[in-house]
Amino acid sequence: MKIKPDSMLDVGKIRKDFSILNKMINGKQLIYLDNGATSLTPEPVIGAMNEYYGEYNANVHRSIHSIGERATREYEKAHEKVARFINADFEEIIFTKGTTESLNTLAYCLTKRLKEGDVIILSEMEHHSNLVPWQQLAKEKKLIVKYIKINEDFELDLEHAKKIIDKKTKIVSVTHVSNVLGTINDVKKIGELAHDAGAIFIVDSAQGIPHLAIDVKKIDCDFFCFSGHKMLGPTGIGVLYGKKELLEKLDPFLFGGEMIKEVGFEDSKWNNLPWKFEAGTPNIAGGIGLGAAIDYLNKIGTEKIREYEEYLTEYGIKRLNEIGVKIYCPKNPKIRSGVISFKINGMHAHDVVALLDREGVAIRGGHMCAMPLVTKVLNENSLCRASLYFYNTPEEIDKLVGGIKKAKEVFQII
Ligand code: C6P
């Protein structure tokens, strides 16, 4: 560990923007290591949403009074910020409730393109959000779902992917970063395999975009899904990116106000992109909050965030290895995000989480909404997961380690 963390990011200064970090939990200062579940929200993001409610609380794309026009401008600006952040065009950015809604929308909208016997390729490390919608669609339309296997170093087995992606494959949908293993998948490569077979390629980047610089054109994915609340934004807002030519061909999922250009008693015409897919009054404050979160991430710099998190993750793994817990993550730091899942022999994850909570340390335990991975591939009934973000520090990891030692003492595990 050659580099000093302070030379990468001024974490002390950054932490001042997150007032929740001063909170006392069970008499101890909060140590928040559950960023994979949701990230904390900095003051500028809270401020942007408060400003909307306090200064120009109006609906968008409807009212032409001053505050209505300002709300529309700010809401559209948020789409522009997201587009620039991932190197997409404005029309390609649809706001949804989150990754889950983005993926369900795709499963619904793509139904018409699928017929009995068509194949959908997922991977063994999918979150339920990128598994259940396809599984249910497959049951309804008699499709076949196949899963790319994981190798012994917790990476996707690309040789296996090559074998199962063929001309029958119509959709390949994989996670960018595993929320259990922290593996950063080679989505560019998987996308090439999908496109060579003529399939649509979808990326679930719920755990990717908060931590990595994203360029959807470089990845060359057809669709890209993520949630605002894991990248400093509020809950209830997320994004579905789609290539314009594909979005234009798809029928909308929700019908109603906002998504139409013209309505008659017999038929209707759809609005331009992206509004064709945003029916009804949207989450205006949430969208504006997501825009502010992107401003914040840009100010810090996605490359710096990645560099610091790589350092912090390596430190975390080293410290946890010292106390003999079993860690499930790739060896190669270049393909590892700040997710560290581990198991303490003789203790259920929920007991570990509860005992750490007494020390003010917040981590997650269970199957992490990736039940097939945890129970069938890793053969565990539950795991503990510390998930880091750029406002965490090595000292907080030391407190986690101290808390685990105490928990082991309670259970008399040496
Ligand atoms: N994972 C976790 O603790 P939503 O809930 O729609 O914002 O995100 C769903 C989702 C989809 N894909 C991946 C890879 C995810 O990690 C998540 C959310 C959280 O791991 C909550 S279960």
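Me: This is a predicted model. How many residues of domain 1 are in contact with how many of domain 2?

Reply: 36 residues of domain 1 are in contact with 29 residues of domain 2. Contact here means heavy atoms within 4.5 Å.

Me: Which stretches of the chain make up these domains?

Reply: Domain 1 covers 5-32 + 301-410. Domain 2 covers 46-298. Their centres, taken over C-alpha atoms, are separated by 28 Å.

Me: How do you know where the ligand lies relative to domain 1 and domain 2?

Reply: Look at the shell around the ligand. Domain 1 and domain 2 both give residues to this shell, so the ligand lies between them.

Me: Which residues come nearest to the ligand?

Reply: There are 17 residues around the ligand. Thr-100, Asp-204, Ser-227, His-229 and Arg-364 come nearest. By class, the shell holds 3 nonpolar, 10 polar and 4 charged residues.

Me: What about His-127 and the ligand?

Reply: Here a nitrogen atom of the ligand takes part. An N or O atom in the side chain of His-127 is 3.3 Å from this nitrogen. Taken alone, the ligand exposes 510 Å², and the protein buries 87% of that.

Me: Why is His-176 called buried?

Reply: The relative accessible area of His-176 is 6%. Buried means under 20%. So His-176 is buried.

Me: Where is His-176 found, and what does its side chain join?

Reply: His-176 is in the loop between strand S7 (169-175) and helix H7 (187-196). A polar contact of 2.9 Å joins its side chain to that of Ser-205. Leaving aside neighbours within four places in sequence, His-176 is in contact with several residues, including Thr-183, Val-203, Asp-204 and Phe-224.

Me: Is Gly-301 buried or exposed, and how do you know?

Reply: Gly-301 has a relative accessible area of 19%. The limit for buried is under 20%. So Gly-301 counts as buried.

Me: Where does Gly-301 lie?

Reply: Gly-301 lies in the loop between helix H10 (284-300) and helix H11 (302-322). Gly-280 is 21 residues apart from Gly-301 along the chain. Their C-alpha atoms are separated by 34 Å.

Note on methods
Residues are numbered from 1 along each chain as its sequence is written. This is a predicted model: local features need pLDDT of at least 70, side-chain atom pairs count only at pLDDT 80 or more; totals for chains, interfaces and linings use all residues. Side-chain values use heavy atoms; hydrogens and water are left out. Helices (H or I, at least four residues) and strands (E, at least two) are DSSP runs, numbered from the N terminus. Buried means under 20% relative accessible area, exposed over 50%, partly exposed in between (1.4 Å probe, protein chains only). A polar contact is a pair of N or O atoms within 3.5 Å; within protein, one must be able to donate a hydrogen and the other to accept it, and residues adjacent in sequence count only if both atoms are side-chain atoms. A residue is near a molecule or strand if one of its heavy atoms lies within 4 Å of it. Accessible areas come from the Shrake-Rupley method with a 1.4 Å probe; for residues, only the protein chains shown count as cover. Ala, Val, Leu, Ile, Met, Phe, Trp, Tyr, Cys and Pro count as nonpolar, Asp, Glu, Lys and Arg as charged, and the others, Gly among them, as polar. Domain bounds come from an automatic or database domain assignment.
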